[in-house]
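Subject: Structure for your review

Dear colleague,

Please find below the structure that I am handing over to you. I would be grateful if you could look through it together with the notes that follow.

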Amino acid sequence: MEVGSLTALAAAVVGCAGTLLSALLTQRAADHSRQHEQERAELARQRHVDIRELRACYVGLNTAARQYLAALTDQVHALSRGDDMSVVRQRLTEARDQHRDVYAEAQLRVPEQVLDLAGEVSRELGIVYGMVRRLDDGLACEGDSVVVVQERIDVLWHRLREVRREMRVELGAPRAPRGQCRGSRRPASGGSA
């Protein structure tokens, strides 16, 4: 065989191998890119699911705390008026139990900053609940009074607004101007949030 033929054959083999290797490398790069894009899409989907679950947890926690506060307020008003207490007692018990369950779930899901604020509200709700129950049972301790309970409930409404603001920050919701919510009107009573 001649040197020129060998060189031509070698060049053909190298060219053919280069072409095949180039196609293989291109395919591999495309597969890697596609896999990377699928991973990014899966991460985005999981992040969306996580945010949706966190939002649901926040909604539940906010709703349960509001219902608990409303039930405490109703109990205080019933105590002040001397109303029949059986219905408001039942509502308060149910609201307390619901809040306990939702708060227990939140303890496992929500970020520390929100959990710290929600924990403070939960502890204060428990203290106010104890005061209300003692007043209802006629076993008031020093410092227990309808006026003190109402003052603490008013503070709790404010604290709940702080928790809700922090929840909104965690969810990336836009901040509404202080004291306003778009598309809603302010509550008629000054106490609730």
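Arg109 and Glu105 form a salt bridge, with 3.0 Å between their closest N and O atoms. These two residues are four apart in helix H2, a separation of about one helical turn. Arg109 is partly exposed at 41% relative accessibility, and Glu105 is partly exposed at 39%. Please note that this is a predicted model.

Helix H2 itself covers residues 86-109, which is 24 residues. Its first and last C-alpha atoms are 35 Å apart, close to the 34 Å expected. Which residues of H2 are buried? They are Val88, Leu92, Ala95, His99, Val102, Tyr103 and Ala106. The buried residues of H2 pack against helices H1 and H3.

The count of salt bridges comes to 15. One of them joins the side chains of Asp74 and Arg91, at 2.0 Å from N to O. Asp74 belongs to helix H1 and Arg91 to helix H2, so this pair ties together parts that are 17 residues apart in sequence. Both partners are partly exposed: Asp74 has a relative accessible area of 30%, and Arg91 has one of 34%.

A further salt bridge links the side chains of Arg40 and Glu37, at 3.5 Å from N to O. Both residues lie in helix H1, three residues apart, or about one turn of the helix. Arg40 is partly exposed at 48%, as is Glu37 at 43%.

There is also a network of salt bridges, which links Arg89, Arg133, Asp136 and Asp137. Asp136 sits in helix H3, residues 112-137. Is Asp136 buried or exposed? Its relative accessible area is 14%, under the 20% cut-off, and therefore Asp136 counts as buried. The side chain of Asp136 makes a polar contact of 3.2 Å with that of Gln75. Apart from neighbours within four places in sequence, Asp136 is in contact with Gln75, Leu79, Met85 and Arg89.

Arg168 is located in helix H4, residues 146-171, and is partly exposed, with a relative accessible area of 35%. Arg168 and Arg55 are 113 residues apart in sequence, while their C-alpha atoms are 8.9 Å apart in space.

Finally, a word on the cysteines. A disulfide is a covalent bond between the sulfur atoms of two cysteines. How many disulfides does the structure hold? The number is zero. Cys16 is partly exposed at 46% relative accessibility, whereas Cys57 is buried at 4%.

With kind regards

Methods: Residues numbered from 1 in each chain as written. Predicted model: local features only at pLDDT ≥ 70, side-chain atom pairs only at ≥ 80, totals over all residues. Heavy atoms only, no water. Buried < 20%, exposed > 50% of the residue type's maximum accessible area, 1.4 Å probe, protein only. Polar contact = N/O pair within 3.5 Å; in protein donor to acceptor, adjacent residues only side chain to side chain. Contact = heavy atoms within 4.5 Å. Disulfide = S-S within 2.5 Å. Expected span 1.5 Å × (residues − 1). Salt bridge = Lys/Arg side-chain N within 4 Å of Asp/Glu carboxyl O.
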